[in-house]
Amino acid sequence: LAQLYGPLNQLGFMYRTINQSLVDTEKLLQLLNEPTEVNDRDNATTLVVEDGEIEFDNVSFSYDKRTTALHGVSFKVPKGSSVALVGESGAGKSTILRLLYRFYDLPEGGGRILIDGQDIRDVTQKSLRSAIGVVPQDSVLFNTSIAYNIGYGKFGASPEEIEEAAKSAQMHERIVTFPDGYNTKVGERGVRLSGGEKQRVAIARTLLKNPPILLLDEATSALDTSTEKDIQKALQNLQQGRSSLSIAHRLSTIASADVILVLKDGQIVEQGSHAELLALDGVFASMWANQITTSGDEPLAGKALDVP
Ligand code: ATP
């Protein structure tokens, strides 16, 4: 029996590893809604992340020959900074995240995407993806305990680490109200979580994963003010010290970004801080004015930045 223990243990580990990557992929496919279709090069190296600086260098990309999804897009996400992508539907925001996660490779002549100077086509997908944490709009949770759902971010995470991540993700206070606390089942057979709660579970999971780079796809649905505040705080904790690229739909996210890139028809048409873009009185300024009047949103970002 003792002889069996080692292999069985190994099998358990493999099962977990495979299962984990399946879930991560499932989660991403849901976010990015795309199949993976790239292969590692024969001489692919392991991505070495020191600063986590991201660079898009003159990136052009088409899904098919008829339309261009991105055209000559260049920008940098410096070490530890946050860049928010805004633009109308079809402008190319998701394509930028998909390309960074390498669901597609850029064609010859389509520019380069670099992380700390390394072309992401030259590194293994495994090393690339382990350096990137994704918080999708709608996270997939298992029909199992909340602790398991959070602990998924890190193999062998201790209960203390799980609790710490939940606290940082503003979810601990909610979890302790559940009938069995961290052992409460979530999903179909357990406690139902709201969209905002699921997102905070995903944030806790990503905190445990501890990646240097983040891709965030903010939920479009309206959230009540206190949920919104909790999520902002959780995201702030997560973004601390990491480079992040987020698709922004709500004013609050836009306000806290270091740089906002405004996309239109696959091109960056404006970029700068919130205040700079408002002063420019162009595409972003009209989107901003429109969002305030149509959503009836409290202009949280405006208050923080001293704009109307
Ligand atoms: P949204 O806010 O609606 O998510 P987006 O700014 O994220 O929009 P993308 O999804 O990046 O926009 O789309 C950019 C362009 O690429 C659009 O013209 C879109 O129709 C096209 N596109 C996106 N995905 C595919 C695909 N799988 N096949 C063909 N064209 C696609």
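Which residues do ring pairs link into a cluster? They are Phe 61, Tyr 63 and Tyr 104. Keep in mind that this is a predicted model. Some notes from going through it:

1. Aromatic pairs overall. Searching the whole structure turns up 9 of them. One is Phe 56 with Phe 75, a stacked pair with 4.7 Å from centre to centre and 15 degrees between the planes. Phe 56 belongs to strand E1 (residues 54-61) and Phe 75 to strand E2 (residues 70-77), so this pair ties together parts 19 residues apart in sequence. Phe 56 counts as buried, at 1% relative accessibility, and Phe 75 is buried too, with a relative accessible area of 6%.

2. A tilted pair. For Phe 142 and Tyr 152 the ring centres are 4.8 Å apart and the planes sit at 40 degrees, so the pair is tilted. Phe 142 is in the loop between strand E6 (132-135) and helix H4 (146-151), while Tyr 152 is in the loop between H4 and helix H5 (159-168). That puts the two 10 residues apart. Both Phe 142 and Tyr 152 are buried.

3. A charge over a ring. Have a look at Arg 129: its charged end sits over the ring of Phe 103, 5.2 Å from the ring centre.

4. Ser 243. This residue is in strand E8 (residues 243-247) and counts as buried, because its relative accessibility is 0%. A polar atom of the Ser 243 side chain lies 2.6 Å from the backbone oxygen of Gly 52. Leaving out residues up to four places away in sequence, Ser 243 touches a list of residues including Asp 51, Gly 52, Glu 53, Ile 54, Val 77, Pro 78 and Pro 212.

Notes. Residues are numbered from 1 along each chain as its sequence is written. This is a predicted model: local features need pLDDT of at least 70, side-chain atom pairs count only at pLDDT 80 or more; totals for chains, interfaces and linings use all residues. Side-chain values use heavy atoms; hydrogens and water are left out. Helices (H or I, at least four residues) and strands (E, at least two) are DSSP runs, numbered from the N terminus. Buried means under 20% relative accessible area, exposed over 50%, partly exposed in between (1.4 Å probe, protein chains only). A polar contact is a pair of N or O atoms within 3.5 Å; within protein, one must be able to donate a hydrogen and the other to accept it, and residues adjacent in sequence count only if both atoms are side-chain atoms. Contact means heavy atoms within 4.5 Å. Rings of Phe, Tyr and Trp (its six-membered ring) pair if their centres lie within 6.5 Å; planes under 30 degrees apart count as stacked, over 60 as edge-to-face and the rest as tilted. A charge sits over a ring if NZ of Lys or CZ of Arg is within 6 Å of the ring centre and within 35 degrees of the ring normal.
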